Amino acid sequence: MGARNAFGIAILLVLLLCLDLAQGDGGVTKMKMKKKKKKCSDYSQGRWVYSSSYPLYNSSDCPFLESGFDCQKNGRPDKLYLKLRWQPTSCNLPRFNGIDFLRRNRGKRIMFVGDSLSLNQWQSLTCMLHKAVPKAAYSLKRSQGLSTFSFPAYNVSLMLWRNALLVDLITKNGSRVLKLDSINNGKPWKGMDILIFNSWHWWLHNGRQRPWDVIQYRKSTFEDMNRLIAYKLAMTTWSRWIDSNIDFSKTIVYFQGISPDHNNDWNGAKASCRGQTTAVEETKNLGGSNPAQIVVEQVLSKMSKPVYLLNVTSLSQLRKDGHPSIYGYGGKYGNDCSHWCLPGVPDTWNQLLYASLIHKI
């Protein structure tokens with residue numbers, strides 16, 4: 001492809017993205033997926049309040065918890081972050097009932113698909129359920145990119161399929177090619193009863209952490225491009241694949257929403273999660289809508305099938321205190337402001353999932 005043609009395509013994509021972001025309302029009220037009558041006006045708006053009944057479990061209750069999420073075991077001295085409960089503005093979020101969750105999903109397969117934030121939520125849910133039925137037998141199997149946590153007594157399987165970018169990443173002539181318009185790796189997603197997708201954080205990696213060498217879109221190849229544009233093209237490909245390949249009479253599909261990090265997206269460009277011990281009280285103290293979240297909302301609103309958004313972004317943005325920081329992967333030599341301590345914020349994500357299921361969205 002000639003350089004002039006590639007430059008022209010890139011300019012067109014930038015203009016289209018800017019137009020879409022300008023039209024985005026930052027919310028979900030106009031989405032097709034919200035046409036059904038709500039049981040609650042909006043679980044995503046509210047505040048974090050102290051609760052003596054929290055956390056929903058202790059990390060010691062969860063012997064299979066990843067060490068990078070176990071902030072207490074890793075020496076975190078403060079505990080207030082464990083005692084915060086999400087209180088929506090216009091309603092009450094149902095308290096998680098693990099036995100009820102298992103009974104409702106008896107005989108079902110639930111799959112999380114995405115990056116390590118999907119791992120974070122999947123681990124949270126397995127811990128919450130194990131706490132509810134501590135004497136119930138369970139099995140945990142890992143095979144390549146698939147992890148399966150099962151409760152045989154309920155015939156429930158919670159699966160995690162690691163696929164950070166959702167679209168295809170192939171090796172061609174020794175080069176890693178990210179194909180924004182192709183999904184040939186989605187066969188494991190078919191036949192699930194519940195699917196929860198997530199993707200964003202790996203789109204931001206640079207240098208040696210960047211998982212691709214070149215990007216391909218249709219017949220054009222780029223060494224790199226604006227990551228938000230690339231993400232929107234990939235999400236559009238994903239949405240079309242879901243519309244065409246998933247049987248919605250048998251499968252409920254969710255998108256996790258964007259989990260914010262607190263390296264630099266709150267209260268100024270030099271902010272960090274390190275040393276933070278309290279939540280932000282009001283969203284006005286944050287810096288506006290997450291642009292990736294706007295992309296997700298736009299893409300979901302244009303789908304022909306009902307994909308439900310777990311809108312975790314706003315409530316998670318308030319939790320600058322919820323990350324492992326130096327009490328996670330990397331220890332004192334790291335500063336993890338992307339993942340979340342467990343118990344912690346992902347437990348609330350799973351409460352949103354539970355609330356949507358009991359209300360039969």
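**Disulfides in the predicted model**

Three disulfides are counted, a disulfide being a pair of cysteine sulfur atoms within 2.5 Å. The model is predicted, so local features need pLDDT of at least 70 and side-chain atom pairs count only at pLDDT 80 or more, while totals for chains, interfaces and linings use all residues. Residues are numbered from 1 along each chain as its sequence is written, and side-chain values use heavy atoms, with hydrogens and water left out.

Let us begin with the pair formed by cysteine 62 and cysteine 127, whose S to S distance is 1.9 Å. This link is left-handed, with -70° about the S-S bond. It connects distant parts of the chain, 65 residues apart: cysteine 62 sits in the loop between strand S1 (46–50) and strand S2 (84–88), and cysteine 127 in helix H3 (residues 116–132). Helices (H or I, at least four residues) and strands (E, at least two) are DSSP runs, numbered from the N terminus. Cysteine 62 and cysteine 127 are both buried, that is, under 20% relative accessible area, where exposed is over 50% and partly exposed lies in between (1.4 Å probe, protein chains only).

The sulfur atoms of cysteine 71 and cysteine 341 are 2.0 Å apart in another disulfide. Cysteine 71 belongs to the loop between S1 and S2 and cysteine 341 to the loop between helix H6 (313–317) and helix H7 (345–358), so this pair ties together parts 270 residues apart in sequence. A torsion of about -90° makes the disulfide left-handed. Cysteine 71 is buried at a relative accessible area of 0%, and cysteine 341 is buried at 0%.

Cysteine 273 and cysteine 337 also form a disulfide, with sulfur atoms 2.1 Å apart.
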